[in-house]
Amino acid sequence: MTWGIGLIGATGIAERAVMSTSRGRRDITVRAVAASDRDRAAAFGERHGVKVLPCYEKVVTAPDIDVVYVSLHNSAHAHWARRAVAEGKTALVEKPLCLGLAECDDLRSAERRGGGQVLEALPTLRHPWHAVVRNMVDAGRFGRLHDVHSRFGFRTPSSGGYRLRPELGGGIFRDSASYWLQALQEVVGLPAAGGTGTARCSEPAGADHAFEAELPLRGGVTARLSCSFGGRHLAEHVFTFDQARVRVRGVLLPAAGAVPLNVAVRTTTGHTEIIRTEPVAYYEQQLRRVVDLLDGRAGHWGAQSVAARPRIATMERIHRTARREVAPVSSDEETA
């Protein structure tokens, strides 16, 4: 059987995460696209040979669509995911799945009523490096884990884009928090409460262009996030143990294709060890999971769905309670 995907949003991420990975597959294919800009949708459809529908509603109700992929601005994720599952579809929604716990719980209720399922498009899930570092933590190989510092730096978004508009769910924290929290969740677990943050904004009511967060974890471990727009690309996690510092760099690189990630260990005695993980292509792995779910080989992604809730709760709590500082945006700013 060939499953049909409908795209809500003619976006660059839709091209990379869905169009490229579905090309040549027989089990799943993109059948339609819709965008708020008709010209952009038409250009996308012509470029990829995909049918263009006049509005998002037509995508979620189309009888030949089994999966609805939502890649709109963050504030629209929950609404269109809810509409998709109300029609019995599977909704694959770009991260963050939604902006708060109330939206998250509403989506779960919609799943039960409509029969569809909501999946967060978080392609970093279950990368082999998580198990490597988790085993170090659990076995106490380098003593006790004290600190996890995650750093993300992304290029400055285009002017007028949703990432610079707080009313659309923009800001660097929401761009980075899902990656940070998912890694913590898989390696050391997330707490039920807590977390603080400082947002740097160009104006009092503006989107954050830099953000620092701190989250206390079990066992006295402190998790920190440093992220910003501007400067060089950066995506890494550093784990500090009693007897070693463990770094995983380039954690988003597998989005570009099947590449391995290295877990670099440097002990307090000066010994260095590089553990090379198996190559993974994030978007291919993500689409494969969706197909397995539709074919009944993966069962219900209940565990993944349940795991999204504490991430959303922690993200919302830190974002809502963060101290806001007005600071000018520097063109060469990068994560410290």
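This is a predicted model: local features need pLDDT of at least 70, side-chain atom pairs count only at pLDDT 80 or more; totals for chains, interfaces and linings use all residues.

Residues are numbered from 1 along each chain as its sequence is written, and side-chain values use heavy atoms, with hydrogens and water left out. Helices (H or I, at least four residues) and strands (E, at least two) are DSSP runs numbered from the N terminus.

Buried means under 20% relative accessible area, exposed over 50%, and partly exposed in between, with a 1.4 Å probe and protein chains only. The buried residues of α4 are H77, A78, W80, A81, R83, A84 and V85. Their cover includes the helices α3 (56-61) and α5 (101-114), together with the strands β1 (3-8), β4 (67-70), β5 (90-94) and β6 (117-121); contact here means heavy atoms within 4.5 Å. G88, with a positive phi near 80°, follows α4.

Helix α6 (residues 128-139) has 12 residues and reaches 17 Å from its first C-alpha to its last, close to the 16 Å expected. The expected span is 1.5 Å times one less than the number of residues. In α6, W129, H130, V133 and M136 are buried. Seen down the helix axis, these buried residues fall within an arc of 130°, so they line one face of α6; the arc is that of the directions from the axis to the C-beta atoms. D138 and A139, on the other side of α6, are exposed. Among the elements that cover the buried residues of α6 are α7 (172-187), β11 (234-241), β12 (244-249), β13 (262-267) and β14 (272-276). After α6 comes G140, which has a positive phi near 65°.

Strand β7 (residues 145-154) contains V148. V148 counts as buried, at 1% relative accessibility. Leaving aside residues up to four places away in sequence, V148 touches L184, V221, T222, A223, R224, V238 and F239. V148 and V238 are 90 residues apart along the chain, and their C-alpha atoms are separated by 5.6 Å.

On a 1 Å grid over the protein atoms alone, a cavity is a set of points where a 1.4 Å probe fits but cannot get out, and a pocket is an open set with protein on both sides within 12 Å along at least five of seven lines; lining residues have an atom within 4 Å of a point. The structure holds 1 cavity of 30 Å³ or more. About 60 Å³ of space lies in the largest cavity, whose lining includes W129, H130, Y179, Q182 and A183. α6 and α7 are the elements that give two or more residues to this lining, and α7 has the largest share, 3 residues.

The largest pocket has a volume of about 1300 Å³. Of its 38 lining residues, I13, R16, Y162, R163 and D175 are the closest to the centre. The elements that give two or more residues to the lining of the largest pocket are α1 (12-22), α7 and α8 (282-294), and α1 gives the most, with 3 residues.

Terms used. Grid points are joined across faces, edges and corners, and a volume is the space filled by probe spheres set on the points.
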